[in-house]
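Reader: Hi! I'd like to talk through the pockets in this one before I set anything up. Could you walk me through them?

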Amino acid sequence: MFDITKKKAFVCDLDGTLFMGPDPIKPAVDFVIDSINSGRFSFFYLTNNTSKTPDEYIKKIAGANIPVKPEQILTPLITLESYIREKGYKSVYLLASEKVKSYLEKQLSDVGIKFEYNPEENELIALTYDKELTYEKLANATSLWNMRNVPPSPMCPIRTANQNKVEFVATHPDNCCPSERGPIPDIGGMMKFLEITNGMKPSNIFGKPSPSLLKTVLDKFSPEQIAVVGDRLYTDKAIADNAQVDFVCVLSGETTKEDLASYKGIAPAVTVDTFNMIDDVK
Ligand SMILES: [Mg+2]
């Protein structure tokens with residue numbers, strides 16, 4: 001049974017939950033603002049979209065008059081940053097837009113990170129939702145993989161002197177990004193593009209549904225005190241299930257009542273039309 005009196009923190013998806021495109025879903029946003037002002041709950045904001053920097057999300061959330069701090073934004077860019085730190089990587093071939101690259105360069109400036117293509121030095125290929133993706137970047141990523149990870153063959157006569165394997169990670173798994181014009185390509189297609197070229201596949205995919213994104217929240221609260229709120233069953237509910245926390249399904253975005261009726265998995269802990277209606281659940 002879902003018991004709101006046990007909850008201390010909500011991890012909210014943004015699009016379809018608190019916003020519809022650029023516009024706030026007013027009753028849901030008002031509920032968040034009131035809950036912050038009364039000190040009732042803590043909030044965290046979850047997004048898989050690595051084409052945007054955390055600062056852009058802070059602007060969007062603050063723009064709806066919700067008080068927000070950087071540590072409340074949960075994006076796989078932060079997971080990527082800690083991954084690079086943990087592994088001690090210094091040379092990463094990063095496929096990202098210029099603003100995302102600058103953001104990560106700044107965050108990792110203390111380790112002297114380099115994000116340029118360098119076949120002799122790169123230790124990691126990191127794919128983000130790169131809205132400035134070019135043929136050259138895709139060809140560089142596959143070449144790096146061919147020259148470092150594939151046994152020598154007449155098909156790839158150029159080899160690097162450095163024969164240490166290069167790792168490949170992706171920030172999230174989404175196949176498409178919702179837009180006013182319907183679904184547009186996200187990182188899923190970029191991964192497929194690489195895979196059908198030479199079979200390269202990421203060793204790690206961060207972001208929803210990987211519970212690694214909830215680490216900072218789970219460090220502060222017990223699983224019973226947390227709920228994930230979202231509109232997508234295969235990402236938002238999946239991350240809640242993987243982290244073993246309650247899932248609040250909102251019908252203000254992608255999932256419909258019909259989808260829920262035909263859903264084969266465990267039902268959400270609670271389903272409401274918009275997030276603010278969670279108080280009316282008996
Ligand atoms: Mg959503």
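**Pockets and their linings**

Author: Happy to! Helix 3 gives the lining of the second largest pocket its largest share, five residues. Keep in mind that this is a predicted model.

Reader: Okay, how much space lies in the second largest pocket?

Author: About 460 Å³. It is lined by 23 residues, and those closest to its centre are Ile-78, Thr-79, Ser-82, Ser-212 and Thr-216.

Reader: Which elements give two or more residues to that lining?

Author: Those are helix 2, strand 5 (73-74), helix 3 (76-87), strand 11 (204-205) and helix 7 (215-220).

Reader: And how does the lining of the second largest pocket split by class?

Author: There are 11 nonpolar, seven polar and five charged residues.

Reader: Thanks! Switching over: how much space lies in the largest pocket, and which residues lie nearest its centre?

Author: The largest pocket holds about 800 Å³ of space. Its lining has 33 residues, with Asp-15, Asn-49, Lys-60, Cys-177 and Pro-178 nearest the centre. Two or more lining residues come from each of helix 2 (54-63), strand 9 (176-177) and helix 8 (233-243).

Reader: What about the classes in the lining of the largest pocket?

Author: That lining has 15 charged, 10 nonpolar and eight polar residues.

Reader: Nice. Last one: which domains does the lining of the largest pocket draw on?

Author: Domain 1 (4-75 + 209-280) and domain 2 (76-205) each give at least three residues to it. The lining of the second largest pocket also draws at least three residues from each of domain 1 and domain 2.

Terms used. Residues numbered from 1 in each chain as written. Predicted model: local features only at pLDDT ≥ 70, side-chain atom pairs only at ≥ 80, totals over all residues. Heavy atoms only, no water. 1 Å grid on protein atoms, 1.4 Å probe; cavity = no way out; pocket = protein on both sides within 12 Å on 5 of 7 lines; lining within 4 Å. Points joined across faces, edges and corners; volume = space filled by probe spheres on them. Helix = DSSP H or I, 4+ residues; strand = E, 2+ residues; numbered from the N terminus. Nonpolar A, V, L, I, M, F, W, Y, C, P; charged D, E, K, R; others polar. Domains from an automatic or database assignment.
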